[in-house]
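This briefing goes through a two-chain structure by topic. Keep the sequence and the 3D view open while reading.

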Number of protein chains: 2
Amino acid sequence: MNILTRPILEINWNNLLDNYFTLQKIAPNSFAAAVVKDEAYSLGACQTVKLLYEKANCRNFFVAHGIEGERIRPYAPEANIFVLQGIGDDSLECFKNAHLIPVIGSLEMLHFWQKNRIDSIHPMINVETGLNRLGFRECELKQLTADDKKEFSWVMSHLACGDEKDHFMNEHQLNTLKHIKNTYFPHLPVSLSASDGTFLGSEFQFDMVRLGAALYGINTAPYRENQMKNVVTVKAPVLQIASLPKGDFVGYSATYRAHTDKKIAIVSIGYGDGMPRSLSNVGKVFFPQDDKIYEARILGRLSMDNIICDVTDIPHLEFGTMAYLLADFYTLDDMARDAGTISYEILSRIGITNRYIRKDIF
Amino acid sequence: MNILTRPILEINWNNLLDNYFTLQKIAPNSFAAAVVKDEAYSLGACQTVKLLYEKANCRNFFVAHGIEGERIRPYAPEANIFVLQGIGDDSLECFKNAHLIPVIGSLEMLHFWQKNRIDSIHPMINVETGLNRLGFRECELKQLTADDKKEFSWVMSHLACGDEKDHFMNEHQLNTLKHIKNTYFPHLPVSLSASDGTFLGSEFQFDMVRLGAALYGINTAPYRENQMKNVVTVKAPVLQIASLPKGDFVGYSATYRAHTDKKIAIVSIGYGDGMPRSLSNVGKVFFPQDDKIYEARILGRLSMDNIICDVTDIPHLEFGTMAYLLADFYTLDDMARDAGTISYEILSRIGITNRYIRKDIF
């Protein structure tokens with residue numbers, strides 16, 4: 001057996017591509033834009049953009065910052081790249097060099113834009129409909145002159161509760177957006193929904209949907225089975241198997257104590273590799289063997305580089321056996337549930353560390 | 001005013017260097033090794049190593065993985081580089097190329113080493129004294145032959161509760177380690193303590209202390225005021241100031257509702273920049289003005305790129321004002337307390353994202 005000491009991150013790009021096509025079918029009358037901010041939720045923005053641009057003809061991308069847009073431009077020469085956090089002195093050059101489209105969410109930023117306008121670029125306007133994050137409030141919209149309004153090429157907003165099918169906010173935001181569009185921008189195309197809103201039906205899809213989380217396999221419609229394919233698998237080697245005698249403690253601050261004799265495995269992955277420390281004493285690690293998947297409970301606190309788990313009842317384990325942390329059978333959503341957070345937060349930490357052995361599956 | 005859209009990460013390398021000297025004085029009879037695994041807790045391993053090697057004559061470094069050791073070797077040509085997770089097929093070449101010293105924690109890994117021995121390298125042995133993580137258990141030590149024992153140049157162990165001055169585990173682990181050293185390795189030098197154990201007094205310091213967290217400003221002796229200087233400052237621009245009318249909700253899943261009219265600021269930083277999402281509805285953001293530091297409570301959930309906070313009572317705010325997330329007056333330890341985790345986990349996520357404007361202070 002090949003003995004490893006580092007964890008492995010496998011990214012299934014076929015599944016990511018399939019997810020894109022599935023989402024496209026759910027919103028057949030809208031442009032399917034890909035949200036690749038934060039390094040495509042850490043998986044690698046350039047690689048994601050190249051794939052979707054070449055294999056799926058995706059021509060609209062969203063990033064958070066100008067610098068993120070400039071990085072992906074070489075992989076999407078003809079695409080629209082929208083920048084959600086807008087434009088400032090720190091990103092002006094990025095916008096010029098890479099011909100990026102700012103999303104403008106306030107009068108102040110609009111004035112900044114008007115002082116620094118770039119030829120042939122027409123910003124998107126972000127309007128606030130209930131999230132109370134970035135976006136023009138109606139009192140600001142009322143101050144726009146006819147010329148101000150002509151600056152814009154698109155109207156967007158963003159749902160607060162799109163992952164809850166019957167939440168009253170969805171209807172409220174939809175109606176508010178329709179009112180704003182009809183009152184201020186009757187001739188502009190509209191984008192409201194991210195992945196979650198896309199599943200709420202055609203009413204919510206408008207002219208463009210912005211696909212992030214679901215593309216990467218996350219279930220953004222958690223009121224039903226996930227329709228997305230899993231993209232991320234994480235494994236790590238068992239570096240040691242040892243007896244844990246009754247009465248002994250495990251890990252920092254001795255937060256776990258064995259009440260019977262046990263067998264433990266030390267797995268070479270930790271919060272330094274993006275595993276959430278809140279899995280301490282509650283998370284699980286898996287060992288697929290023959291046709292069975294054995295579950296090993298995490299004991300004590302995660303440390304930066306190691307996780308200790310209870311393998312008392314798991315038969316065939318040895319130095320170098322791979323433990324599964326994330327897989328088809330235990331997804332980011334499952335881990336998030338155990339860790340008390342959302343899968344987006346976990347995913348955004350995994351791919352950016354440089355300690356994984358990375359395997360790209362095509 | 002210069003309008004920014006990206007957050008700023010300031011690293012005070014002078015303070016890091018001062019922390020090293022302070023720790024060295026606390027353990028004057030031990031080698032002061034620097035722990036630079038996980039990219040020096042995300043701040044940048046190469047930069048940290050170069051600084052400590054050149055300005056502080058540091059000649060011992062610890063990393064977790066072989067590949068991390070290989071990356072820092074050019075900056076510490078004459079140093080000992082110890083690799084805590086040991087050696088495997090995936091790191092053999094790193095050990096050979098960069099002349100790294102494996103830390104060996106089990107009989108199985110020892111056998112792997114003996115099949116793949118590298119000339120003139122003498123491993124460190126890790127012995128288990130109570131943490132129940134990687135390390136030889138005494139039943140394994142008994143199986144070592146005289147020749148096996150000659151492989152090693154150092155003995156190490158690791159404390160479970162070194163940050164709690166009077167925890168019974170400290171004494172227990174100290175005595176166990178002394179027993180093991182005297183019984184099996186009477187002639188070898190010993191390393192027990194990381195930063196936390198270094199503060200427990202000379203008994204715990206042995207021949208080498210392994211300084212990680214404290215170097216980066218974390219208080220590893222939290223039963224008294226921090227003696228370390230702050231290394232990390234994080235700021236982010238306010239992209240919008242808006243009214244939040246009574247009855248309105250804030251952020252995803254509408255987890256905050258305003259019971260009076262308020263003023264909010266949207267700050268351009270989120271969990272995609274390593275801010276813990278568990279600060280939702282409990283964390284704080286700060287605005288230093290004149291001689292006062294105003295505190296703004298975080299409202300609703302953090303999103304990937306934005307934090308919304310209550311600025312109702314803060315006088316001078318405008319588009320572009322910088323909010324402070326981490327500073328001398330609100331350190332990693334303070335944020336960890338609010339976020340329900342440890343400062344190590346937060347720090348390990350900040351520096352590795354490529355969205356910050358990074359400022360190195362010398």
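A residue counts as buried if 20 or more other C-beta atoms lie within 10 Å of its own, with the C-beta atoms placed from the backbone. By that rule, 56% of the 362 residues of chain A are buried. The model is a predicted one.

**Chain A as a whole**

- Chain A contains 12 helices and 18 strands.
- The C-alpha trace of chain A extends about 75 × 40 × 40 Å along its principal axes.
- If contacts in chain A between residues at least 6 apart in sequence are taken, 64% of them link residues at least 24 apart.

**Domains of chain A**

- The domain assignment divides chain A into domain 1 (13-216) and domain 2 (232-361).
- Taken over C-alpha atoms, the centres of domain 1 of chain A and domain 2 of chain A lie 37 Å apart.
- Contact between the domains involves 10 residues of domain 1 of chain A and nine residues of domain 2 of chain A.
- On the domain 1 side of this contact in chain A, the elements that supply two or more residues are α1 (13-26) and α2 (37-41) of chain A.
- The largest share of that side, three residues, belongs to α2(A).
- By class, the domain 1 side that touches domain 2 in chain A has five nonpolar, three polar and two charged residues.

**Pairing of chains A and B**

- Chain B is superposed on chain A by a rotation of 180° with 0.0 Å of shift along the axis, at an RMSD of 0.0 Å.
- The two copies are therefore related as by a two-fold rotation axis.
- Both copies use the same surface, since 100% of the contact residues of chain B recur in chain A.
- The contact joins 64 residues of chain B to 64 residues of chain A.
- On the side of chain B that touches chain A, two or more residues each come from α2 (37-41), α6 (107-115), β10 (232-244), β11 (249-250), β13 (262-267) and α12 (343-350) of chain B.
- That side of chain B is made up of 28 nonpolar, 22 polar and 14 charged residues.

- In chain A, helix α11 (residues 332-339) packs against α12(A) at an angle of about 110°, and the two axes are 8 Å apart.
- Angles of 65 to 115 degrees count as roughly perpendicular, so α11(A) is roughly perpendicular to α12(A).
- The residues that meet are Leu332(A), Asp333(A), Met335(A), Ala336(A) and Ala339(A) of α11(A) and Ser343(A), Ile346(A) and Leu347(A) of α12(A).
- Six of the residues in the contact of α11(A) with α12(A) are nonpolar, one is polar and one is charged.
- In chain B, the axes of helix α11 (residues 332-339) and α12(B) come within 8 Å and cross at roughly 110°.
- This makes α11(B) roughly perpendicular to α12(B).
- In chain B, Leu332(B), Asp333(B), Met335(B), Ala336(B) and Ala339(B) of α11(B) meet Ser343(B), Ile346(B) and Leu347(B) of α12(B).

**Tyr344 of chain A**

- Tyr344(A) sits in helix α12 (residues 343-350) of chain A.
- Tyr344(A) is buried because 22 other C-beta atoms lie within 10 Å.
- Apart from neighbours within four places in sequence, Tyr344(A) contacts Tyr41(A), Ala213(A), Ile218(A) and Met304(B).
- Between Tyr344(A) and Gly247(A) there are 97 residues in sequence and 38 Å in space, C-alpha to C-alpha.

**Positive phi in chain B**

- Most residues other than glycine have a negative phi.
- Tyr41(B), a residue other than glycine, has a positive phi near 55°.
- Tyr41(B) belongs to helix α2 of chain B and is buried, because 32 other C-beta atoms lie within 10 Å.
- Asn281(B) is not a glycine either, yet its phi is positive, at about 65°.
- Asn281(B) lies in the loop between β13 and β14 (284-289) of chain B.
- Asn281(B) counts as partly exposed because it has 15 C-beta neighbours inside 10 Å.

Terms used:
Residues numbered from 1 in each chain as written. Chains lettered and ligands numbered in written order. Predicted model: local features only at pLDDT ≥ 70, side-chain atom pairs only at ≥ 80, totals over all residues. Least-squares fit on C-alpha atoms with pLDDT ≥ 70 in both. Contact = placed C-beta atoms within 7 Å. Helix = DSSP H or I, 4+ residues; strand = E, 2+ residues; numbered from the N terminus. Nonpolar A, V, L, I, M, F, W, Y, C, P; charged D, E, K, R; others polar. Domains from an automatic or database assignment. Axes fitted to C-alpha atoms, helices over the stretch in contact; angles between N-to-C directions. Parallel < 35°, antiparallel > 145°, perpendicular 65-115°, else oblique. Buried ≥ 20, exposed ≤ 12 C-beta atoms within 10 Å, placed from the backbone.
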